[in-house]
Amino acid sequence: MAETTFERVKGIIVEHLDVDKEAVTLDASVKDDLGADSLDVVDLILQFEDEFGVEIADEEAEKISTVGDIVNYIENNL
Amino acid sequence: MTKNRVVITGLGVITPIGNNVSTFWNHLISGKSGVGQITAFDTTDFPVRIAAEVTDFDPLNYIEKKEARKMDRNVQFAVAAAQQAIKDAGLELNQIDPERFGVYIGSGIGGLNTYEEQFKVLLNRGPRRVSPFTIPMMITNMAAGQVSIRFGAKGPNSTSVTACASGTHCIGDAFRLLKYGDADVMLAGGTEATITPFAFAGFSSMGALSTQNDNPTKASRPFDRERDGFVMGEGAGVLVLETLDHALKRGANIIAEIAGYGMTADAYHLTSPDPTGDGPARSMKKAYEEAGLNATDVDYINAHGTSTQLNEKYETLAIKRAFGEHAYQLAVSSNKSMIGHLLGAAGGVEAVATALTLKHQIIPPTINYENPDPDCDLDYVPNEARKACVRTAISNSLGFGGHNASILLKAYEEVSQ
């Protein structure tokens, strides 16, 4: 299950940030390691919300730093 | 105060008849129409179903995927045309002073594709779903912004938003910045991508567009008596302008000189031209006067020539006001007969065509000219390109709101006349 969520998150990140699959690890920082700026992060949140049918509140979104944070949040709120 | 001479050293275009300068020019002088049925959206309920679309444009030939996604189509066109122009000019970006390298690229409407798409999201899914890129993709200045970011141009940077005169105003304003020493090199021109449902609904409601849906290649017929409205085009035209000193120092290939600029307002009506032709007449006159030339020195006018009844009637009158009897000696033609009306990009693409006219000494034709109109009795270079001695040419752009802009280009000579 964890891997499925991670793989789906990875796919969205690869598509939207145009980064290599290998770079998208659970520990990778979305901004520092994957090169997202603040607008990219908002855009990604919208994509995750669409993909998983969850709502990520702004105050929760602000806490997200790594790919692992995203995967955990989604799994806990599905 | 020293005034610099200003020259054109690079050209770039994305147009309905070619996505590079040589294809565009070859099609322009062979009289090829770029007009066809609209493929960009479903036209079922629309009274107008034709346009001059840019085809086979892949933004990924110019822009990385991640960045291309954040650019409206009009910005992608501008970046592509700017990249072509830089290459054509042989500009080595690491060898010029970035703080004296500027951008002046305009658009009449800006990111309408983005606006329409995201407005639908707002209505259908609510405000939280609207993309964070909506505003930066939509705003009309973003072509100039993105071009500066991509090419490291830290000098003067701005946008003119004057409807169909935007491109010519940008080139004229960039010319003045160079002339008065604010920059060494400027990327200048216009871009537009408004083949969208909202634009077609609005322009159709005005009755501005040709309804010759069954005969698209014949629909744009500037100066012909049967003209019934303009055909929407899209694309971009960007030129590298630089001071003559800067161009000579780096051994650049000089395509032509830009020597005059005029801008005026009709102060008459929101869309109709002033029936006296006074505004564009003064604009053309200012352009040749700034160049230190007389009316009789001008050989060719790249007309605004939209294919609307009013424009050609009054642009013809304006030419007669500005040139007197010489109006009957000079040649006039409209690129819009082939590429349609590119709105804010028109002045950019038509300046490229005017520079190429001086370079190749060939005047592109006005195609679809079949029925003489007594109100339009000048030499419109009907249907066939013409070899001619063209030393001096003016390009006109006239915009809704009564904006008139004219630039004067001339063949480059070492000693200024």
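This is a predicted model: local features need pLDDT of at least 70, side-chain atom pairs count only at pLDDT 80 or more; totals for chains, interfaces and linings use all residues.
**The annotated domain of chain B**

In an unreviewed UniProt entry, the annotation "domain: Ketosynthase family 3 (KS3)" covers residues 3–411 of chain B. Over residues 3–411, chain B is 34% helix and 18% strand.

Helix α3 of chain B spans residues 73–88, and helix α6 of chain B spans residues 142–151. Their axes come within 9 Å and cross at roughly 45 degrees. Angles from 65 to 115 degrees count as roughly perpendicular and those under 35 degrees as roughly parallel; α3(B) and α6(B) are therefore oblique to each other. The crossing in which α3(B) passes α6(B) is right-handed.

Which residues of the two helices meet? From α3(B) come B:N74, B:V75, B:A78, B:V79, B:A82, B:Q83 and B:I86. They meet B:M142, B:A143, B:Q146, B:V147, B:R150 and B:F151 in α6(B). By class, this contact of α3(B) with α6(B) has nine nonpolar, three polar and one charged residues.

The unreviewed UniProt entry lists A:S38 for "modified residue: O-(pantetheine 4'-phosphoryl)serine". A:S38 lies in helix α2 of chain A, which covers residues 38–52. Because its relative accessibility is 47%, A:S38 counts as partly exposed.

In chain B, B:S204 lies in helix α8, residues 197–206. Is B:S204 buried or exposed? Its relative accessibility is 18%, so B:S204 counts as buried. Leaving aside neighbours within four places in sequence, B:S204 is in contact with B:P47, B:V48 and B:L209.

**Loop residues with a positive phi**

Most residues other than glycine have a negative phi. B:L343 has a positive phi although it is not a glycine, and B:N368 likewise has a positive phi without being a glycine. The table sets out their values.

| Residue | Phi | Loop of chain B | Relative accessibility |
|---|---|---|---|
| B:L343 | about 50 degrees | between α13 (336–339) and α14 (346–360) | 2% |
| B:N368 | about 65 degrees | between β11 (362–363) and β12 (386–387) | 6% |

Why does B:L343 count as buried? The reason is its relative accessibility of 2%, since buried means under 20%. B:N368, at 6% relative accessibility, therefore counts as buried.

Note on methods:
Residues are numbered from 1 along each chain as its sequence is written. Chains are lettered from A and ligands numbered from 1 in the order in which they are written. Side-chain values use heavy atoms; hydrogens and water are left out. Axes are lines fitted to C-alpha atoms, for helices over the stretch in contact, and angles run from 0 to 180 degrees between N-to-C directions. Helices (H or I, at least four residues) and strands (E, at least two) are DSSP runs, numbered from the N terminus. Angles under 35 degrees count as roughly parallel, over 145 as roughly antiparallel, 65 to 115 as roughly perpendicular and the rest as oblique. A crossing is left-handed if the near helix is turned anticlockwise from the far one by less than a right angle, and right-handed if clockwise. Contact means heavy atoms within 4.5 Å. Ala, Val, Leu, Ile, Met, Phe, Trp, Tyr, Cys and Pro count as nonpolar, Asp, Glu, Lys and Arg as charged, and the others, Gly among them, as polar. UniProt positions are given in the numbering used here, feature names are shortened, and annotations may be inferred rather than shown by experiment. Buried means under 20% relative accessible area, exposed over 50%, partly exposed in between (1.4 Å probe, protein chains only).
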